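Here are some friendly notes to read alongside the model. Keep the structure open and look up each residue as you go.

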Amino acid sequence: MNIQKLNACMDILKKDLGDGFVASCIITTEDGQVLVATDHANIAEATLLNDATAFIRNALKTYPAELGNYYYIDVAGSMSVLVIPFGDFQWTVTVNKKLVKLGLLLNVVLPAIINAFEDAVVS
Amino acid sequence: MEGTAKRDLKLVQDGQKEGAPKSEAATRDELQRWPLFGLSVGSFLQVIAMEQQTCIMEVYHDADHWGQFCFVEGSLYDASCGALQGEEAAMEMIAWENVRLNIKQILNTSKVERKIEKNLMLLLMESTRRRDELKNGGPDGDMEDAEELDDIDDIEDLDVIADDVERAKLEACLNILAKDMGDALNTASISSIREGRIMASHKAPPQTAEAFLRLTHYLKNAFAANTSVHLGDHYIMDMKGGLTLVVLIFGEYQWCVVFDNTKCTLGLFRNVIMPKVVKTFNEMNL
């Protein structure tokens, strides 16, 4: 994994989201340890969402279906959280939902950061 | 007929004379004018809605009770019955049984004004509720009512009745959703978060609805215990195979909707379907 490229992923995210960006962190799914985090990142939240992803995967087995590229959680107040599971890693992005349109987040920002992250992982 | 529906809608174009037949002289011509008979209004309205018809449905109960419904592409736009107009006229006529009916085409809908915003399903249910209240002597009840209630000595019976009404309303909500989404809707369910049970479902595996109830509990508790924020009113999941799962939380109820995102985009769901679902759900007064 290329750490410089990983940091560059965060920069892309901040640039694309502008004022709507709140915080972000990437953790390893196996032990919940933080790889990269921005200021104000809520590590506890990222860790519990790691458990939530496992919960979701199990829940979807009953459908039966598999989790795709992301899940998005609306949070009371002005925040929302986008969670992007990447196999051994999980990226959590907290945004100000009043400033970031969901369409922009899912159709523009998400594909860009998935590509950047995959590039960082294989480098 | 001189009701507002006729004046405003400018709808009758089949060349037949307007006006209700006189009960005393039900001539052969008049019977031909009302070719459908012995039906309940409610059941026929549902057929028109289901078939997405644009038409006027004239209803004749007796010489003093007749009126008409106006449908545009299966949605009830207006009704008139004597001095009553719109929703009140519809509510009056929905309760009629053994009526005679006639259907007329609407050739031009451009000037048709929508005066009924409520969904037909809600009107049908409201009508049923009013009829039940009437049978039981009104909403406040009377001595007979009280005596009848005394006869129901097991309070659990009342719970079951209330539960059935609630379930029927929720099933109606899902029917509206299924109608709006067509084949884009994969599955849907409504569960009670507090009671942890499924109240209504549309092709949804019960174990999945239960699993997502547990997930909501987990997220609620985990957010509350570990962060300063609280779970909001929905979460969205991208699923492999072009499916999207949306969980909506309305107070004590949780909706779990899975749809094909190649047939219905998330934007369409959030901006068109979801507001309608919320409106319908709120109108149910659960």
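1. Start with A:Ile27, whose bridge partner in β2(A) is A:Val34. Strand β1 (residues 21-28) and strand β2 (residues 34-37) of chain A pair in the antiparallel sense over 3 bridges. Here, two strands pair if DSSP finds at least two bridges between them. Helices (H or I, at least four residues) and strands (E, at least two) are DSSP runs, numbered from the N terminus.

2. Now look at the link between these two strands. β1(A) and β2(A) form a hairpin with 5 residues between them. In the turn, A:Gly32 has a positive phi of about 75°.

3. A:Ile27 has a bridge partner in β5(A) too, namely A:Gln90. Strand β5 (residues 89-96) of chain A runs antiparallel to β1(A), and 7 bridges join the pair. How much of β1(A) is buried? Of its 8 residues, 7 are buried, meaning under 20% relative accessible area with a 1.4 Å probe, protein chains only.

4. A word on how to read this: it is a predicted model, where local features need pLDDT of at least 70 and side-chain atom pairs count only at pLDDT 80 or more, while totals for chains, interfaces and linings use all residues. Residues are numbered from 1 along each chain as its sequence is written, chains are lettered from A and ligands numbered from 1 in the order in which they are written, and side-chain values use heavy atoms, with hydrogens and water left out.

5. Next, turn to where the chains meet. Chain A brings 27 residues to the contact and chain B brings 32 residues, with contact meaning heavy atoms within 4.5 Å. The area buried between them is about 2600 Å², and carbon and sulfur atoms give 69% of that; buried area is the accessible area (1.4 Å probe) that two parts lose on being put together, summed over both. A:Leu48, A:Phe55 and A:Tyr63 supply 25% of the area that chain A buries against chain B, more than any other three residues.

6. Strands also pair across the two chains. β3(A) and strand β9 (residues 231-239) of chain B run antiparallel, joined by 5 bridges. Within this pairing, A:Leu67 has B:Met239 as its bridge partner.

7. Finally, find the charged pair. The interface of chain A and chain B has 1 salt bridge, and the side chains of B:Lys240 and A:Glu66 meet in a salt bridge at 3.4 Å, N to O. The rule asks for a side-chain nitrogen of Lys or Arg within 4 Å of a carboxyl oxygen of Asp or Glu.

Terms used
Buried means under 20% relative accessible area, exposed over 50%, partly exposed in between (1.4 Å probe, protein chains only).
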